[in-house]
Structure formats: structure tokens, C-alpha cells
Amino acid sequence: MTLVKANGKISVEPVRNDPKRGRIVVNVSDDFARYYNWFITKRYWVSLGTPMYKPHITVANSKFHSNIDWKKALKFNNKPVEFEYNVDMVQGGFLKGFIMFYIKVYSKELDLMKSDLGIVEGPNYKGLH
């Protein structure tokens, strides 16, 4: 497993009108999507569209995490964060009816933030990606 360091910026998007719309993500450069799309195109001879919600790492999502203290979470908004990621892509989405690709991410800082906010993962959690 080869890990590479990168950085992004935390974005806290509290629940507005729809309780299933709140999320905390780390926004990363569009270059991630362009770079990995090149590999997918070369390997599978298909060119995928860009991610619907731009390249990001999901930290929390109100669809899967209840009782997020959004006021407390806002202290992390716009904070730069460093993380490591595995350069090898993972194929997934088979149960969703489409194939998707993602990269595994590791960050003690993000893990501490989740702990501080009381974010508890469910049994199907596959790690940061």
C-alpha cells in the first residue's frame, strides 16, 4: 500500500430545510477527479463524468449520522486539513446499480474531529474515502 500526503479544506454545511441534507466534507482539488479519471479511461476505455458533489472526503452526513451538533461543527469550517490516501482505487457501488471508484483516506486529525463531534459510524462504514 502506497500512501501519499495531500490537503483539503473542511466544509461544514448544516441542515437547512431538509434534515437529510447536512454534511461535513473535506473539499479537495478537482485535479483528483481528473487524474483518476485518466486511469479509469486508460483501463476501462470509458470516460466518467465528474463527481456530482465535486471531489471530497465525507466526514459526516445527516443521512447516516444523527444528532450532529452543527453549531459545534462550525468551528471546523474552512479549516485546512492534511490527510494521506492510498493511491490504489477501490471499485464499489455494485449494490447501488452502478460502478463507482473511490480512494481510501487516512487522517488522525479527521478521526479526532469526528470523536469531538460525537459522530458514530454504523456497521457498514468502510472508512474515510
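**Salt bridges**

A: The side chains of K79 and E109 meet in a salt bridge with an N to O distance of 2.7 Å; the term requires a side-chain nitrogen of Lys or Arg within 4 Å of a carboxyl oxygen of Asp or Glu. K79 lies in the loop between α2 and β4 and E109 in helix α3, so the contact ties together parts 30 residues apart in sequence. Helices (H or I, at least four residues) and strands (E, at least two) are DSSP runs numbered from the N terminus. This is a predicted model, in which local features need pLDDT of at least 70 and side-chain atom pairs count only at pLDDT 80 or more, while totals for chains, interfaces and linings use all residues. Residues are numbered from 1 along each chain as its sequence is written, and side-chain values use heavy atoms, with hydrogens and water left out.

Q: Is K79 buried, partly exposed or exposed?

A: K79 counts as partly exposed, at 32% relative accessibility. The classes are buried (under 20% relative accessible area), exposed (over 50%) and partly exposed in between, with a 1.4 Å probe and protein chains only.

Q: How many salt bridges does a search of the whole structure find?

A: Side chains of opposite charge can pair when their charged atoms come close. Here the search finds six salt bridges. One of them joins E13 and R23, at 2.8 Å from N to O. E13 belongs to strand β1 and R23 to strand β2, so this pair ties together parts that are 10 residues apart in sequence.

Q: Which residues are linked in a network of salt bridges?

A: The network consists of K72, K75 and D116. Within it, the side chains of K72 and D116 meet at 3.4 Å, N to O. That pair links distant parts of the chain, with K72 in helix α2 and D116 in helix α3, 44 residues apart. K72 counts as partly exposed at 31%, and D116 is partly exposed with a relative accessible area of 31%.

Q: In what sense do β1 and β2 pair?

A: They pair in the antiparallel sense, over five bridges; pairing requires that DSSP find at least two bridges between two strands. Residue I10 has V26 in β2 as its bridge partner. Strand β2 (residues 23-27) is in turn joined to β3 (residues 56-61) by five bridges, and these strands run antiparallel. There, R23 has N61 of β3 as its bridge partner. Four of the five residues of β2 are buried, so this strand is largely enclosed by the rest of the structure.

Q: Which residues have the most contacts inside the largest nonpolar core?

A: In soluble globular proteins, nonpolar side chains tend to be buried together. The largest nonpolar core here has 25 residues, and I10, I24, V26 and F83 have the most contacts inside it. Two or more residues come from each of β1, β2, α1 (30-44), β3, α2 (70-73), β4 (80-86) and α3 (108-116). Such a core is a set of buried Ala, Val, Leu, Ile, Met, Phe, Trp, Tyr and Cys residues joined through side-chain atoms within 4.5 Å.

Q: Which residues of α3 are buried?

A: The buried residues of α3 are L110, M113 and K114. Viewed down the axis of α3, they fall within an arc of 100°, so they line one face of the helix; the arc is that of the directions from the helix axis to the C-beta atoms. The face turned away from this buried side carries the exposed residues K108, L112 and S115.

Q: Which residues make the nonpolar surface patch?

A: M1, L3 and Y106 make this patch of about 310 Å². M1 lies in the segment before β1 (3-13) and counts as exposed at 69% relative accessibility.

Q: Where is W45 found?

A: W45 is found in the loop between α1 and β3. Most residues other than glycine have a negative phi. The phi of W45, however, is positive, near 60°, and W45 is exposed, with a relative accessible area of 77%. N78, also not a glycine, has a positive phi of about 70°. N78 sits in the loop between α2 and β4 and is exposed at 51%.

Key
Patch = residues over 30% accessible without salt bridge, like charges linked within 9 Å, V, L, I, M, F, W, Y side chains within 5 Å. Areas by Shrake-Rupley, 256 points an atom, 1.4 Å probe, with all protein chains shown as cover.
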